[in-house]
Amino acid sequence: MKRLWVILFAVPIFSQNINKHNMSIGIFDDKTGMSLIGYTYTYQEKEIDEFFIGAGNAIYAFTGSAGWKHFYKKSKLSYYSVLSVQGVIVPGFSGFMPTASFGAEYNISSKTQIKMGAWVGVLLSTGEYPVFPFVTLNRKF
């Protein structure tokens with residue numbers, strides 16, 4: 001487990017790619033799902049598409065995610081959707097969960113955004129699909 005933490009957090013932080021690291025703080029997250037604090041690394045970025053890996057943490061939950069973010073309109077106020085697969089560990093449940101989120105991103109500066117929207121996950125074991133609103137403050141570095 002310690003090696004997983006090193007791979008997800010320490011290795012990407014010290015790489016030389018600028019603005020590919022994202023930290024988010026808020027209620028849930030568009031990329032990492034059920035988390036209060038999330039980290040994502042954008043490993044491929046095109047004009048309107050991003051591919052990412054990440055991890056999130058809430059009080060009793062841990063999520064690891066990988067996915068794709070597509071912008072419909074990219075400007076100071078951008079609209080986008082995210083499709084991802086998440087590994088979730090919470091008390092009483094552990095497994096994979098496909099997720100989707102739709103949101104808006106307001107650029108406060110070139111490195112800071114406020115994101116808001118809706119996040120939905122599909123619990124494969126029960127067939128339920130919880131829908132949650134999210135609001136986060138995101139910082140690229």
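Student: Which ring does the charged end of K31 sit over?

Tutor: In this predicted model, the charged end of K31 sits over the ring of F52, at 5.0 Å from the ring's centre.

Student: And which residue does K31 meet in a salt bridge?

Tutor: The side chain of K31 meets that of E50 in a salt bridge, with 3.2 Å from N to O. This pair links distant parts of the chain, since K31 lies in the loop between β1 (21–27) and β2 (37–45) while E50 belongs to strand β3, 19 residues apart.

Student: Are K31 and E50 buried or exposed?

Tutor: K31 is buried, and E50 is buried as well.

Student: How many residues are in the largest nonpolar core?

Tutor: The largest nonpolar core has 9 residues, namely F52, F71, Y80, V82, V88, M97, W119, L123 and F134, and its largest share, 3 residues, comes from strand β5 (residues 77–90). F52 in that core is the residue whose ring lies under the charged end of K31. F71, also in the core, has K74 over its face, at 4.6 Å from the ring centre.

Student: What about aromatic pairs, how many are there?

Tutor: The count comes to 4 aromatic pairs. One of them is formed by W119 and F132, which are stacked, with 5.7 Å centre to centre and 25 degrees between the planes. The pair links distant parts of the chain, with W119 in strand β7 (residues 112–121) and F132 in strand β8 (residues 131–140), 13 residues apart.

Student: Which residues form the aromatic cluster with W119?

Tutor: F28 and F132 form one aromatic cluster together with W119.

Student: Is W119 buried or exposed?

Tutor: W119 counts as buried because its relative accessible area is 0%, whereas F132 is partly exposed, with a relative accessible area of 27%.

Student: Back to salt bridges, how many does a search of the whole structure find?

Tutor: A search of the whole structure finds 4 salt bridges. Besides the K31 and E50 pair, the side chains of K69 and E105 meet at 2.9 Å, N to O. That pair also links distant parts of the chain, K69 being in strand β4 and E105 in strand β6 (residues 93–107), 36 residues apart.

Student: What else does E105 form a salt bridge with?

Tutor: E105 forms a salt bridge with K115, where the closest N and O atoms are 3.7 Å apart. Here strand β6, holding E105, is linked to strand β7, holding K115, with the two residues 10 residues apart. D30, K69, E105 and K115 are linked in a network of salt bridges.

Student: Why do E105 and K115 count as buried?

Tutor: Buried means under 20% relative accessible area, so E105 falls in that class at 6%, and K115 does too, at 3%. K69 is buried, like E105.

Student: Changing topic, which residues form the nonpolar patch on the surface?

Tutor: The patch is formed by M23, I25, L36, I37, I59, Y60 and F141, and together they have about 740 Å² of accessible area.

Student: Where is Y60 found?

Tutor: Y60 is found in the loop between β3 (49–57) and β4 (62–73), and Y60 counts as exposed because its relative accessibility is 65%, the cut-off for exposed being over 50%.

Technical notes. Residues are numbered from 1 along each chain as its sequence is written. This is a predicted model: local features need pLDDT of at least 70, side-chain atom pairs count only at pLDDT 80 or more; totals for chains, interfaces and linings use all residues. Side-chain values use heavy atoms; hydrogens and water are left out. A nonpolar core is a set of buried Ala, Val, Leu, Ile, Met, Phe, Trp, Tyr and Cys residues joined through side-chain atoms within 4.5 Å. Buried means under 20% relative accessible area, exposed over 50%, partly exposed in between (1.4 Å probe, protein chains only). Helices (H or I, at least four residues) and strands (E, at least two) are DSSP runs, numbered from the N terminus. Rings of Phe, Tyr and Trp (its six-membered ring) pair if their centres lie within 6.5 Å; planes under 30 degrees apart count as stacked, over 60 as edge-to-face and the rest as tilted. A charge sits over a ring if NZ of Lys or CZ of Arg is within 6 Å of the ring centre and within 35 degrees of the ring normal. Patches are made of residues with over 30% relative accessible area and no salt bridge: like charges are joined within 9 Å, nonpolar side chains (Val, Leu, Ile, Met, Phe, Trp, Tyr) within 5 Å. Accessible areas come from the Shrake-Rupley method with a 1.4 Å probe; for residues, only the protein chains shown count as cover.
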